[in-house]
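Dear colleague,

Please find below the structure that I am handing over to you. A summary of the findings follows it.

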Amino acid sequence: MSRGRWTRETLLDGVRTGDRRALARAITLVENGDPLAEELVRDLYPETGNAYAIGITGPPGVGKSSLISALVRHVRAEERRVGVVSVDPSSPFTHGALLGDRIRLADHFLDKDVFIRSMGTRGHLGGLAEATLQALLLLDASGKELVFLETVGAGQSEVEVIGIADTVVLVLMPGSGDSVQALKAGIMEIPDVIAINKKDHPAAKTMLNEVRSILSLDHERAWRPPIVLTEATRGENVPELWEQIAAHRAHLESEGLLEERRRKNLAGEVFAVASGRAKEHLEQAVRDDPELRRLLDEVQRRELDPLSAVREILGRVFKLGDAQDSTGTH
Ligand SMILES: Nc1nc2c(ncn2[C@@H]2O[C@H](COP(=O)(O)OP(=O)(O)OP(=O)(O)O)[C@@H](O)[C@H]2O)c(=O)[nH]1
Ligand SMILES: [Mg+2]
């Protein structure tokens, strides 16, 4: 893949001044796992930490992109510089916007202080956590004050994507029964703010009551997640939603919790990326090393027990000391 006329220096300058083409190129390098992307973020990292990241998550089609578009319109009235990154864990597309997002966010394409990007991460070695974190840091370094991270679903990959957000907004709509069940069962983490979108739907009030009753079970929290009924396409209650996001931010900032949360988020992301790479390394090693595959055959033939195999594999691949204990056993 050609880097065109861009060099490390011109990319750094471009990102620093908020040049859209430089940002787009840098994020493409992130998607491609290009080593240059890693160098850029390494250089820019000391200048980051100023952007406030808002994760917008929820089931497919609930109106996440529409809500982001409406929120962007709202905050642009205050002239805040904004970035939007939509990550679709299942998307086969890379390098550009997904069709739906293009349409939903089209209003903002001519606004030079709004940068919008969809990312697919198929084939990206370090996974979603890595790509999202790097993209967020690039936007942060480019002077964006607010960054919206959109991701679909309620699975592990979604947690990786919004795990870095300062405020997490869960978007539901009447009919998102699975998500409500997941909240109830404690499978899905309680978000900071909940938006029930498409509020004109007759079942919206029922859903509001259901979600309310789930949240009321939890008395311990210092922050009680507010629920806002919205209609994204008409912009209804979007200012109220923004107010709640701002209130959550104010809560974190006044109690000194923001630093604590970022520390925890960053540690979590570093750990997630490290785990992802370690797993990839392990799988590669087992594929390439007949000796390791032989161990698995031995387990299959009941000549070697599973945990002894684990010990040997980790010993060989990661040079973990404790493997010596078992090397003499067969
Ligand atoms: N009636 C109604 N339709 C809405 C509302 N918000 C979004 N929609 C419509 O719902 C559809 C999906 O909206 P999106 O904003 O793309 O939803 P999304 O959650 O981003 O979807 P994915 O990214 O594909 O998961 C579109 O046809 C929107 O026009 C709303 O408040 N009311
Ligand atoms: Mg969307």
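In this predicted model, Ser 176 is buried, because its relative accessible area is 6% and a residue counts as buried under 20%. Ser 176 sits in the loop that runs between strand S5 (167-172) and helix H8 (177-184). Leaving aside residues up to four places away in sequence, Ser 176 is in contact with Pro 59, Val 62 and Met 207.

Arg 224 belongs to the loop between helix H9 (204-216) and strand S7 (227-229). With a relative accessible area of 45%, Arg 224 is partly exposed, whereas Ser 176 is buried. Asp 218 and His 219 are the residues that Arg 224 touches, again not counting those up to four places away in sequence. From C-alpha to C-alpha, Arg 224 is 8.6 Å from Val 193, although 31 residues separate the two in sequence.

As to the chain as a whole, it has 330 residues, of which 48% count as buried. The chain contains 14 helices and 7 strands. If one takes the contacts between residues at least 6 apart in sequence, 74% of them join residues at least 24 apart.

Ser 65 and Glu 150 are both buried.

Helix H6 (residues 127-141) packs against helix H11 (residues 257-288) at an angle of about 135 degrees, and their axes are 8 Å apart. H6 and H11 are therefore oblique to each other, and H6 passes H11 in a left-handed crossing. On the side of H6, the contact is formed by Ala 129, Glu 130 and Leu 133; on the side of H11, by Leu 266, Glu 269, Ala 272, Val 273 and Arg 277. By class, this contact of H6 with H11 has 5 nonpolar, no polar and 3 charged residues.

The other partner is helix H13 (residues 306-318), whose axis comes within 11 Å of that of H11 and crosses it at roughly 100 degrees. This makes H11 roughly perpendicular to H13. The residues of H11 that meet H13 are Ala 278, His 281, Leu 282, Ala 285 and Val 286, and their counterparts in H13 are Ile 313, Val 317 and Phe 318. The contact of H11 with H13 divides into 7 nonpolar residues, 1 polar residue and no charged residues.

One residue of this contact may be followed further. Is Val 286 buried or exposed? Val 286, which lies in helix H11, has a relative accessible area of 18% and is buried. Beyond residues up to four places away in sequence, Val 286 touches Leu 292, Arg 293, Leu 296 and Ile 313. Leu 296 is 10 residues from Val 286 along the chain, and their C-alpha atoms are separated by 9.3 Å.

With kind regards

Technical notes. Residues are numbered from 1 along each chain as its sequence is written. Chains are lettered from A and ligands numbered from 1 in the order in which they are written. This is a predicted model: local features need pLDDT of at least 70, side-chain atom pairs count only at pLDDT 80 or more; totals for chains, interfaces and linings use all residues. Side-chain values use heavy atoms; hydrogens and water are left out. Axes are lines fitted to C-alpha atoms, for helices over the stretch in contact, and angles run from 0 to 180 degrees between N-to-C directions. Helices (H or I, at least four residues) and strands (E, at least two) are DSSP runs, numbered from the N terminus. Angles under 35 degrees count as roughly parallel, over 145 as roughly antiparallel, 65 to 115 as roughly perpendicular and the rest as oblique. A crossing is left-handed if the near helix is turned anticlockwise from the far one by less than a right angle, and right-handed if clockwise. Contact means heavy atoms within 4.5 Å. Ala, Val, Leu, Ile, Met, Phe, Trp, Tyr, Cys and Pro count as nonpolar, Asp, Glu, Lys and Arg as charged, and the others, Gly among them, as polar. Buried means under 20% relative accessible area, exposed over 50%, partly exposed in between (1.4 Å probe, protein chains only).
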